[in-house]
Amino acid sequence: MLDFETTGYDPRWDRIIDIGALKVKDNNVVDKIDNLVKYEDDNTVPAMVEGMTGITSEMIEKDGVTAEIAMRNLVDFIDNDVIVGFNVNFDINFLYDFANKYFGQKVKNDFVDVLRIARKFYPEERHNRLADCIKRIEPKKEQSHRGLDDCYDTKLIFDFFEENIDLNLLNEKRHYHHNKIDLKQLKPESVMIDEDNPFYGCNVCFTGKLDGLLRKQAAQLVVNLGGIAQNGITLKTDYLILGDTAYSLHNKGTMTTKMKKAYDLIGKGSNLKVINESVFLDMLNDRQNEIEG
């Protein structure tokens with residue numbers, strides 16, 4: 001079981017500040033990692049992250065393990081085991097990038113995303129975040145947003161699904177219509193647009209089959225937020241959003257044509273960001289929570 005707390009969504013610019021991991025054998029926890037992570041150049045914790053996690057810059061300076069040692073220990077700890085996490089594509093993205101950055105190691109472990117199981121188990125629910133699932137299993141329990149605690153919570157949810165889910169549910173496949181849709185023709189469904197959302201005024205493109213939404217639905221969300229849904233990658237593209245399946249294949253060396261073009265532009269200095277579907281939905285949920293809070 002794996003969970004990171006980070007300073008943001010993108011491993012190119014953001015840092016891992018908290019690593020939690022559990023080694024589970026026959027449903028029993030047999031070992032664990034619980035490390036704050038510090039860096040030579042910057043250990044500042046953004047106010048929003050500090051408020052959510054309780055982690056301060058002073059805590060990292062005092063108790064943190066250097067990033068090189070922390071990542072080396074984690075990769076050795078994981079070994080060849082299957083990685084399990086909640087919205088684990090997010091953590092895998094940081095793990096792959098940081099392991100490669102600090103000691104040139106390609107991490108290619110198989111992984112299981114408990115969020116994807118949750119979406120199958122609770123198809124009628126709008127939100128299936130870690131906190132949402134925990135509340136349905138243990139109503140009095142609160143998510144702590146700390147790496148190790150979130151690992152234990154994820155194990156609790158995973159064990160619950162293992163005991164209660166119909167395996168046929170996991171094998172159900174959606175049927176899609178493959179008619180070509182011109183995403184540029186989509187119009188906002190409301191004249192009231194939240195101009196502080198992260199996609200306002202941004203050009204957004206999608207690639208790979210989305211797991212939780214049809215592509216037209218995801219593009220409509222972008223347009224409703226004041227963004228521009230693109231059919232293909234251009235010099236103006238701000239975000240390329242990958243379906244979770246495409247994202248996992250990307251981490252194993254397979255890229256779509258749009259991904260190759262995106263990384264070519266990034267290599268030439270573009271600020272284009274590549275994120276997966278789960279991070280896209282989390283960014284929308286986080287903004288909604290800010291508004292409602």
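I began with strand 1 and strand 2 (residues 16-25) of this predicted model, and found that the two run antiparallel and are joined by 5 bridges. Within that pairing I located Leu-2, which stands opposite Ala-21 in strand 2.

I then followed the sheet as a whole, which is open and made of 4 strands in the order 1-2-3-4, with mixed pairing. Its edges are strand 1 (2-6) and strand 4 (65-66), each of which pairs on one side only.

Next I looked up which helices lie across these strands. Helix 4 (residues 88-103) lies across strand 1 and strand 2, and runs at about 80° to strand 1. Helix 7 lies across strand 1, strand 2 and strand 3 (28-38), and its direction is at about 35° to strand 2.

I turned to helix 7 (residues 147-164) and its partner helix 5 (residues 114-121), whose axes come within 11 Å and cross at roughly 45°. The two helices are therefore oblique to each other, and I noted the crossing of helix 5 past helix 7 as left-handed. On the helix 5 side I listed Val-114, Ile-117, Ala-118 and Phe-121 as making the contact, and on the helix 7 side Thr-154, Ile-157, Phe-158, Phe-160, Phe-161 and Asn-164. Sorted by class, this contact has 8 nonpolar and 2 polar residues, with no charged ones.

Last I checked confidence: the mean pLDDT of the protein is 86, and 89% of its residues reach 70 or more. Over residues 174-179 the pLDDT is below 50, and I recorded 6 contacts in the model for this stretch beyond near neighbours in sequence.

Methods. Residues are numbered from 1 along each chain as its sequence is written. This is a predicted model: local features need pLDDT of at least 70, side-chain atom pairs count only at pLDDT 80 or more; totals for chains, interfaces and linings use all residues. Side-chain values use heavy atoms; hydrogens and water are left out. Axes are lines fitted to C-alpha atoms, for helices over the stretch in contact, and angles run from 0 to 180 degrees between N-to-C directions. Angles under 35 degrees count as roughly parallel, over 145 as roughly antiparallel, 65 to 115 as roughly perpendicular and the rest as oblique. A crossing is left-handed if the near helix is turned anticlockwise from the far one by less than a right angle, and right-handed if clockwise. Contact means heavy atoms within 4.5 Å. Ala, Val, Leu, Ile, Met, Phe, Trp, Tyr, Cys and Pro count as nonpolar, Asp, Glu, Lys and Arg as charged, and the others, Gly among them, as polar. pLDDT is the predictor's confidence in each residue, from 0 to 100. Two strands pair if DSSP finds at least two bridges between them.
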